[in-house]
Structure formats: structure tokens, C-alpha cells
Amino acid sequence: MATYTTKFTDKQVRRCCLTAFFLILLTSCKQKVDNHDLGIFYQPLNQDRDISLKQWKDFGSEIKGIGVKNVVIQWTKYGNESFGESHGWLAQRMEALQNDNIKLWVGLYSDPNYFREIHTNAAGQKVYLTEYFNKLHKSYEQWQTWLRIHSNQVQGLYLPLELTDYDFKTPAQREQLANILKQQVKQFDKPLMISLYLSGQLPEHQIKQWIDQLTSLSLTVYVQDGAGTQALAADTRKSYLESLGCNVGVIREIFVQDKAVKSFKADRVSKGRLDSILDEETCHPNTMFSLRYLPIASNPLKLVGEK
């Protein structure tokens with residue numbers, strides 16, 4: 001390799017030093033994610049079937065206008081409901097979003113009994129998760145052709161498990177879960193996303209260890225911010241979220257749960273609250289929950305029970 005000797009003037013030396021200083025300053029700071037390159041969840045319900053493709057396309061253009069670049073389809077099969085499978089109304093709506101250059105994370109099978117079944121010991125969880133992933137793979141097979149045709153617009157697959165420290169309190173449970181997920185990652189040719197919500201059962205350092213364990217499996221991990229459910233005190237939520245690494249995504253809840261009723265009921269946040277989320281600087285990938293709660297006038301998705 002040839003070596004070159006160059007003479008620098010004092011002015012050039014000062015310029016080089018200033019450039020080096022700013023490079024060091026920039027690389028020493030946390031990387032800021034462009035919060036306008038964000039995502040949003042969509043939880044399919046059969047009541048959405050009557051929304052026309054035109055309304056859906058117009059809605060897609062509007063959410064793209066506020067910075068949404070990807071939509072996480074929470075599930076494509078919920079219990080026995082398959083929404084017409086890969087040729088039905090849900091698939092058509094997903095294709096309508098893709099026509100606006102919005103990319104998708106495609107959720108697979110979701111079990112309506114998940115929260116009841118997963119709340120058990122490690123042995124019971126192993127039996128249940130084995131059965132769950134068998135059903136999930138069957139739903140994946142039903143969508144494989146569609147996924148292949150639309151592969152350029154599909155960012156990855158979403159596993160509709162909502163992991164929580166309430167159900168995975170012990171190291172043995174978390175280790176077993178990691179071993180199961182490690183085998184699952186090998187069976188898909190797309191990135192896999194998974195989400196967590198925190199109930200305050202574990203200290204911050206154990207949550208960090210758990211999330212590190214999951215991300216080490218090449219899973220894309222998102223944590224719910226809990227702002228809508230208000231299950232934790234605001235300072236506790238803030239402390240948990242501040243402990244997350246910048247590689248961990250945050251799901252911003254854009255609803256406010258009504259605690260006065262026993263079943264889950266929630267309202268949309270205000271437009272001002274949405275604007276503050278969109279304008280917030282963060283180093284985390286951001287996605288919102290969910291399209292149904294997006295407080296814009298043209299939103300065609302009705303809340304449950306809304307007329």
C-alpha cells in the first residue's frame with residue numbers, strides 16, 4: 001500500500017479538529033429515531049368487513065400523511081375466525097394498504113384463551129405453548145402463498161403473544177420460553193416481532209435481562225408503554241421505559257381505558273395527545289396501538305359498541 005505525505009496549513013488543521021470534534025459529539029449521543037417513520041397496530045374485527053376498499057385506501061393515505069410507514073396486523077386468525085383467510089376481506093384490506101406503500105407486519109394465529117391458559121407453571125406453559133405454536137404454524141401455511149406474492153411489502157411476522165412479567169415471573173419460565181422461541185425463529189424466513197407489557201412484578205434489571213434474552217434470539221421486541229391501561233403508576237412506567245435500550249421498540253397506547261366497567265372499554269386519546277406523541281423525540285422505534293383509536297375525523301373503524 002502506498003503512503004502519501006501531505007502538508008497542512010494551520011487553517012486546515014483547525015478545520016480538521018473541528019470536524020473531528022463534531023463527529024465525536026454526534027457518535028457519543030443516543031441515536032434519535034425519526035418518529036415520523038413509525039408504525040401502528042390494526043386489530044381486525046369482523047365489524048370492519050363492511051368498510052369499503054375506497055374508504056380503506058383513503059384512510060391509508062391519511063395515516064401515511066401523519067408519518068405511519070408500517071402497520072402491524074395483530075392477527076390473521078383469531079380462534080376459529082379466519083376473516084376469509086388469504087382471499088378474504090382482511091387480505092383485500094391489507095393489499096389496499098400496500099398500494100399506498102405502507103409495509104406490513106403480518107400477525108399469525110391468536111388464541112382467545114391465551115391469557116387464561118398461559119397463567120400457570122413452567123410445565124403447564126410448555127404444554128400450552130407447544131399446542132399454540134402448532135396452530136400458529138397451520139395459520140402460517142394458509143398465508144404462505146400470499147406472503148410470497150407480497151414479500152416486498154411485508155417487513156416480517158408478528159407473534160400474537162403478549163408476554164408479561166405476571167406470567168413469566170421465574171427465571172425457569174423465562175429460560176424455557178427462550179428455548180421455545182429459539183426453535184421458532186428457525187422455522188420462518190421473515191423477521192419475527194413480539195411484544196411485552198409490564199405489570200411491575202419484576203425489578204428493572206430483571207426486565208432488562210429478559211428483553212436482552214429475547215433480542216439475542218433475533219426477535220424484534222416492543223414494550224407497551226402502559227399509558228392507556230394505567231395499570232402502573234406514571235413514575236413506575238417512566239422508570240421501566242427509561243431503562244430500555246434504544247434497540248427496543250415502544251408501543252404507544254393511544255387509548256384511555258375506562259376503569260369503571262369490568263370488561264375492557266376504552267376511548268380514543270385527544271388529537272392534542274396524538275400530536276405530542278408524534279412530535280416526541282426518542283431513540284426507540286415507535287408504534288401505536290391502534291388504528292381503531294386513532295383520533296382523526298375520517299377514521300372508519302368503529303370502537304366496540306360504537307354506532
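Which residues are linked with R252 in a network of salt bridges? Select D225, R252 and E280: these three form the network. A salt bridge here is a side-chain nitrogen of Lys or Arg within 4 Å of a carboxyl oxygen of Asp or Glu, and by this rule there are nine salt bridges.

The model is predicted, so local features need pLDDT of at least 70 and side-chain atom pairs count only at pLDDT 80 or more, while totals for chains, interfaces and linings use all residues. Residues are numbered from 1 along each chain as its sequence is written, and side-chain values use heavy atoms, with hydrogens and water left out.

Stay on R252 and E280, whose side chains pair at 3.3 Å, N to O. This pair links distant parts of the chain, 28 residues apart: R252 is in strand β9 (residues 249-253) and E280 in the loop between α9 (271-279) and β12 (286-289). Helices (H or I, at least four residues) and strands (E, at least two) are DSSP runs, numbered from the N terminus. R252 is buried at 8% relative accessibility, whereas E280 is partly exposed at 34%. Buried means under 20% relative accessible area, exposed over 50%, and partly exposed in between (1.4 Å probe, protein chains only).

Next, select K271 and D275, a salt bridge of 3.0 Å, N to O. Both lie in helix α9, four residues apart, about one turn of the helix. K271 is partly exposed at 45%, as is D275 at 29%.

Finally, go to helix α7 (residues 204-215), where K208 and D212 are four residues apart and therefore separated by about one helical turn. Their closest N and O atoms are 3.0 Å apart, in a salt bridge. K208 is partly exposed at 43%, and D212 is partly exposed at 36%.
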